[in-house]
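The following questions and answers concern the structure shown below. Each answer ends on the item requested.

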Amino acid sequence: MNGMKLVVVVFVLLAFIAGGVSVALASAEPVDDLFAALSDQELDAALDVFAADAVVNDEACHQYYAGQDEISDALNLWAHDGREFEIVEIEENGDRVTATVDISNNGHTWAQEKIEAVVEDGKLQQIDVTSFEFQFWRV
């Protein structure tokens, strides 16, 4: 009887852990999708990852964007022909995601930004750009 209880406990524990992992990974997905869409200059796809009432607070550039129209304007500023965004570090904690993103043009990395995002119902509710550093020495 104890052996059967152990099997059930282990099974439930594994199911709980697996469920926790999928929830954590789901939080980072909109962040991944945003930077992939920006790299591909798919601005509609990039905008689609944001909630209708989302906000972007670009602390590094002292800019604030609220709602889809203003965020669309921001995405148009960020996306350029030949520009790529590569997530080099990402961490999930519930509905919060922090990421470090390298920005390059035509294969030359020239900047790195750090963001903190809030994800609700699979959509980006808020992004704070917490730092932006030029890195001209990187190739």
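Helices (at least four residues) and strands (at least two) are DSSP runs, numbered from the N terminus. The model is predicted.

Q: Which elements each supply at least two residues of the lining of the largest pocket?
A: The largest pocket has a volume of about 280 Å³. Its lining comprises 17 residues, and the closest to its centre are Asp58, Cys61, Trp78, Glu113 and Phe132. The elements that each supply at least two lining residues are H1, E2, H3, E3, E5 and E6.

Q: Which are the edge strands of the open sheet?
A: Six strands form this open sheet, with mixed pairing, in the order E2-E1-E6-E5-E4-E3. An edge strand pairs on one side only, and this applies to strand E2 (63-66) and strand E3 (83-93).

Q: What is the bridge partner of Ile87 in E4?
A: E3 and strand E4 (residues 96-105) run antiparallel and are joined by ten bridges. Within E4, Ile87 has as its bridge partner Val101.

Q: What angle does the direction of helix H3 make with that of E1?
A: Helix H3 (residues 67-78) packs on the sheet, where it touches strand E1 (50-58), E2 and E3. The angle between the directions of H3 and E1 is about 50°.

Q: How many residues has the largest nonpolar core?
A: In soluble globular proteins, nonpolar side chains tend to be buried together. Here, Leu34, Leu38, Phe50, Leu75, Leu124 and Ile127 have the most contacts inside the largest nonpolar core. Leaving aside neighbours within four places in sequence, Leu124 is in contact with residues including Leu34 and Phe50. The number of residues in this core is 31.

Terms used: Residues numbered from 1 in each chain as written. Predicted model: local features only at pLDDT ≥ 70, side-chain atom pairs only at ≥ 80, totals over all residues. Heavy atoms only, no water. Pairing = 2+ DSSP bridges. Contact = heavy atoms within 4.5 Å. Axes fitted to C-alpha atoms, helices over the stretch in contact; angles between N-to-C directions. Core = buried A, V, L, I, M, F, W, Y, C linked by side-chain atoms within 4.5 Å. Buried < 20%, exposed > 50% of the residue type's maximum accessible area, 1.4 Å probe, protein only. 1 Å grid on protein atoms, 1.4 Å probe; cavity = no way out; pocket = protein on both sides within 12 Å on 5 of 7 lines; lining within 4 Å. Points joined across faces, edges and corners; volume = space filled by probe spheres on them.
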